[in-house]
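Let's take a quick look at ring contacts. Here's the model to keep open while you read.

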Amino acid sequence: MKTLIHHTAAIHPGAELHPTVEVGPYAVIGREVKVGPETTIGAHVVLEGPTEIGARNQIFPGAAIGLEPQDLKYDGGSSMVKIGDGNRIREYVTINRATRTGEATIIGNNNLLMAYAHVGHNCIIEDSVTIANGVALAGHIHIESRATISGVLGVHQFVHIGKLAMVGGMSRIARDVPPYMLIEGNPARVRSLNIVGIRRAGIAQAEQGQVYRSLKKAFRILYRSDLTLSQALEQLELIADNEHVQHLLQFLRMSQVKPRRGSIPGRQLPNSDEEIC
């Protein structure tokens, strides 16, 4: 019979590991950790708790999950990390617990977190998100499903990143990233629709391309029409005839509500300090 737990691993007797979990050399697993079936834990991984990890996850060497948050407000309370199924967490990724008792840092399903990525306290990452090497997420960041975050960049606390958004590498993300958009630069700006991501999601073919045309029209209203945000949102209401444009409209509205930080603009009005969107 194959030995699934390396003899050098240090596992607290109170940890709950499914019998199919594999644990590599010198891994350290704390008392309040629960790991689901067919998950593999690489060499020198550190798991502290309370942490719950689902099924079929791959945790690569050196990752550190469930340690105390890097937050001066943390008072030693019992906060959590919750991780779903089918995630790949690459080398030296760090995922911190939430700040306050009863709160959680949440990772959904089928995400890829590449090497040296950091997920701060109280972050929520939904499903099928790709986060590239060296990305640093501050606290309270929410990333919606199928977003892609390119490498070596930082994201400010309380920022939301919309579904199917694409963030270019080495950008500075200090405000919300609208869904379906491609963002790049320092300061970051909306450059175009995330056409590749939209096509891969099948949106371009939905209803004979009508949904895709609606998103293109929404992009032109928001970022190519010289309208202010309030004016653009009024126009967007008139064409919000499908769930994707409706989601974009709702996201931009909520971006204006504190503690959200407003949305990343496309450009500024000529001879004005007022931004378009």
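How many aromatic pairs does the structure hold? There are two, where rings of Phe, Tyr and Trp (its six-membered ring) pair if their centres lie within 6.5 Å. Bear in mind that this is a predicted model, with local features needing pLDDT of at least 70, side-chain atom pairs counting only at pLDDT 80 or more, and totals for chains, interfaces and linings using all residues. Residues are numbered from 1 along each chain as its sequence is written, and side-chain values use heavy atoms, leaving out hydrogens and water.

**Tyr92 and Tyr116**
- These rings are stacked, because their centres are 5.3 Å apart and their planes sit at 20 degrees (stacked is under 30 degrees, edge-to-face over 60, tilted the rest).
- The pair links distant parts of the chain, 24 residues apart: Tyr92 is in the loop between strands E12 (88-89) and E13 (94-96), and Tyr116 is in the loop between strands E15 (112-113) and E16 (118-119).
- Strands (E, at least two residues) and helices (H or I, at least four) are DSSP runs, numbered from the N terminus.
- Tyr92 is partly exposed at 45% relative accessibility, while Tyr116 is exposed at 56% (buried is under 20%, exposed over 50%, partly exposed in between; 1.4 Å probe, protein chains only).

**Phe219 and Tyr223**
- With centres 5.4 Å apart and planes at 45 degrees, this pair is tilted.
- Phe219 and Tyr223 are four residues apart in helix H2 (residues 210-223), so about one helical turn separates them.
- Both Phe219 and Tyr223 are buried.

**Charges over rings**
- The charged end of Arg90 sits over the ring of Phe60, 3.8 Å from its centre (the cut-offs: NZ of Lys or CZ of Arg within 6 Å of the ring centre and within 35 degrees of the ring normal).
- Arg260 has its charged end over the ring of Phe251, 5.2 Å from the ring's centre.
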